[in-house]
Amino acid sequence: MNKEEADAQALVSGTWYSISMASTDMKRIEENGDLWVFVQSIESLENGGLRFSFHFMVHGECVEVAVVCDKTDKNGEYTVTYLGENRLLVSETDYRLYITFHLWNVRNGTETQVLALYGRIPELKPSFLERFEKICKTYGLGPENIVTMSSKDHCYRYER
């Protein structure tokens, strides 16, 4: 890992909030979908990987899960085995304000694309959401493929 990558790794660490998600398979990112998860934090690991801490609701209870993504040879790209094989790419970021991830998931031969917008604060200005819509459009995802998550985090009332 070069210095630029190490600096970027360090900058991503900390508290994040789920703002919006988009997907080619809406069932997976809607409430009760298997990718309906809310980020709590991202931690940079010594080996170049990332540890995501998520929470989600199961039968009315808040459940936490940690997912570790392994660094690939490409800058800003990671892999993880979670509900299939996944490739995760940092699509765009200003580490002080927001980050957009692009996830390719292959499960049982079916590919799903997911884009996730995370913010350093629970709500971002509309300009960030408009920018996210434009990024989604470059992947063939329109407004009908986007869900707003910031107001739907039922676990938010729990401590971070």
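Visitor: How much space lies in the largest pocket?

Guide: About 160 Å³, where a volume is the space filled by probe spheres set on grid points joined across faces, edges and corners. This is a predicted model, where local features need pLDDT of at least 70, side-chain atom pairs count only at pLDDT 80 or more, and totals for chains, interfaces and linings use all residues. Residues are numbered from 1 along each chain as its sequence is written, and side-chain values use heavy atoms, leaving out hydrogens and water.

Visitor: What makes a space a cavity or a pocket?

Guide: On a 1 Å grid over the protein atoms alone, a 1.4 Å probe fits in a cavity but cannot get out, while a pocket is an open set with protein on both sides within 12 Å along at least five of seven lines; lining residues have an atom within 4 Å of a point. The whole structure holds three cavities of 30 Å³ or more, and the largest cavity has about 290 Å³ of space. Of its 18 lining residues, Leu35, Phe54, Leu88, Leu103 and Tyr118 are the closest to its centre.

Visitor: How many residues in the lining of the largest cavity are nonpolar, polar or charged?

Guide: They split into 16 nonpolar, two polar and no charged. Ala, Val, Leu, Ile, Met, Phe, Trp, Tyr, Cys and Pro count as nonpolar, Asp, Glu, Lys and Arg as charged, and the others, Gly among them, as polar.

Visitor: And how do the residues lining the largest pocket divide?

Guide: Five nonpolar, three polar and two charged. That lining includes Glu31, Asp34, Trp36 and Tyr82.
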